[in-house]
Amino acid sequence: MNAFALIRTFTGVAVAGFILLPVIAVLISVSDVSPGMLLSEDVMAAVRLSLFTATLATLLIVIIGTPVAYLLARSSSPLRRFLEVIINLPMVLPPAVAGIALLAAFGREGILGRYLASAGIILPFTTAAVVIAQTFVALPLYVRSARAGFAGVSRTFEGASYTLGASEFTTFLRVSLPLAKGAIIAGVIMSWARAMGEFGATIMFAGNFVGRTQTMPLAVYSALQVNMGKALVLAALLILISFFILFAFEIVPKRRYADA
Amino acid sequence: MLDLSITKRFPGFRLNVQLKLGREILALLGENGSGKSTTLKAIAGLVTPDEGYIRIGNTLAFHSELGINIPPQKRSIGFVFQELALFPHLNVYENIAFGLKVRGYSRARIGEEVNAIMQALGLAELRYHMPCELSGGQKQRVALARALVTKPRLLLLDEPFSALDLRTRQEVREQVRDILKTLNIPAIIVTHDYEDAAILADRICVLSNGRIKSQKPPSATMPPLPGVVYSLS
């Protein structure tokens, strides 16, 4: 074995160890925690809230993100590049900044929030705010994936559909959408994962209230200061969810249709 | 049946075509980049000309000055694409049924018409096959069946045999000729192969550099050399 091969092997093992060690450490430490901790009221509340808000946010993302992804894949307008940059913005924005930005927009004193407040709609520090924060940060992940999926669908298929009498909308539903399915599902998984892990924007915009806005990552943070066992249980649960996400990612249909 | 005069400008290229079609099969012969595919797509409504008009039967499908541009969905034109463009996620039956389904026909009627055309084109055995499982000739027939099942007024074929090897090509070409003769449907076939044109068409138009150079019956054009691809240069 030459020196370079040795270095490659060593770094491979080191990187795997660097990632796995903390994960395994959580799983080992959690084995000392009494299983009853799992069923404690605030842990269960955080799990329920996280599953509910992340799923609702993903649903919203699919509803608003799919037409945008299709537009980005098909439009030749110069405005398209502009829209693309805007859509990607939340991905590079620090989550805490996203939280402040959401407060500045939708907070009680926010530029839109003050009108909403006078209409009786208060968003910050509610469960709705959690969903808004998650949608804000996870949307680009879905749009990017779905856009790549639509871009991979040959326009000839759509042209064929038009000549067969299908409207643009029918063509979208029956041809473009099914052919982009793999990328769309991958986008759903990624954005759901991002929503599940959301911390910074949520704590800023929605606060940290048990049962209302305290999602699992926020609960880990809170528990760390009073009860390490509880934090470990929640962390272990999030690790399990992450493994489940990776597994789901693997079974997504990877098959790409060649022009037939 | 079809009457058109269109102009379409591209960077460094200008397509300017006048064409009249009766109840006949016309071959549009030309080399790559001569504008023949664009002409076909303009007739189908997939490409919008800059100027001119396109009349299909009694309907004005396109007129630049009158601002008329009927979408491809409403032109009742069957189109067989060079890539065939069979929907890869649908099986043979679903591919052929697609045009009838989007018209909202009843399941019974769709079944009847799809079965009839599958029978006629020898596709009955392939009903549940996916496009990726078919041979080149079989794909060709499915694409033809899909275009014909909606009973179009006019059939357009864009390089329909280019994906086939030489032997399959001859076989499929004869099948297509027989089908077109039997159905007596007017058709335009775009090809760069003189043999395709000579065997299939009642009349040949040669397109070169975006313009129609000559219009002759097949026998009067260049003598066919068996197996040799006709080149204009």
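This is a predicted model: local features need pLDDT of at least 70, side-chain atom pairs count only at pLDDT 80 or more; totals for chains, interfaces and linings use all residues.
Me: How much area do chain B and chain A bury between them?
Reply: The size of an interface is often given as the accessible area lost when the parts come together. Here the total is about 2,000 Å² (1.4 Å probe, summed over both parts), with 71% of it on carbon and sulfur atoms. B:Q73, B:P88 and B:H89 supply 30% of the area that chain B buries against chain A, more than any other three residues.

Me: How many salt bridges are there between chain B and chain A?
Reply: A salt bridge needs a side-chain nitrogen of Lys or Arg within 4 Å of a carboxyl oxygen of Asp or Glu; the count here is zero.

Me: And inside chain A, at what angle do helix α9 and helix α12 pack?
Reply: Axes are lines fitted to C-alpha atoms over the stretch in contact, and angles run from 0 to 180 degrees between N-to-C directions. Helices α9 (residues 181-197) and α12 (residues 228-251) of chain A pack at about 170°, their axes 10 Å apart. That angle is why α9(A) is roughly antiparallel to α12(A) (over 145 degrees).

Me: Which residues of α9(A) and α12(A) meet?
Reply: With contact taken as heavy atoms within 4.5 Å, A:W192 and A:M196 are among those in α9(A), and A:I245 and A:F249 among those in α12(A).

How values were computed. Residues are numbered from 1 along each chain as its sequence is written. Chains are lettered from A and ligands numbered from 1 in the order in which they are written. Side-chain values use heavy atoms; hydrogens and water are left out. Buried area is the accessible area (1.4 Å probe) that two parts lose on being put together, summed over both. Helices (H or I, at least four residues) and strands (E, at least two) are DSSP runs, numbered from the N terminus. Angles under 35 degrees count as roughly parallel, over 145 as roughly antiparallel, 65 to 115 as roughly perpendicular and the rest as oblique.
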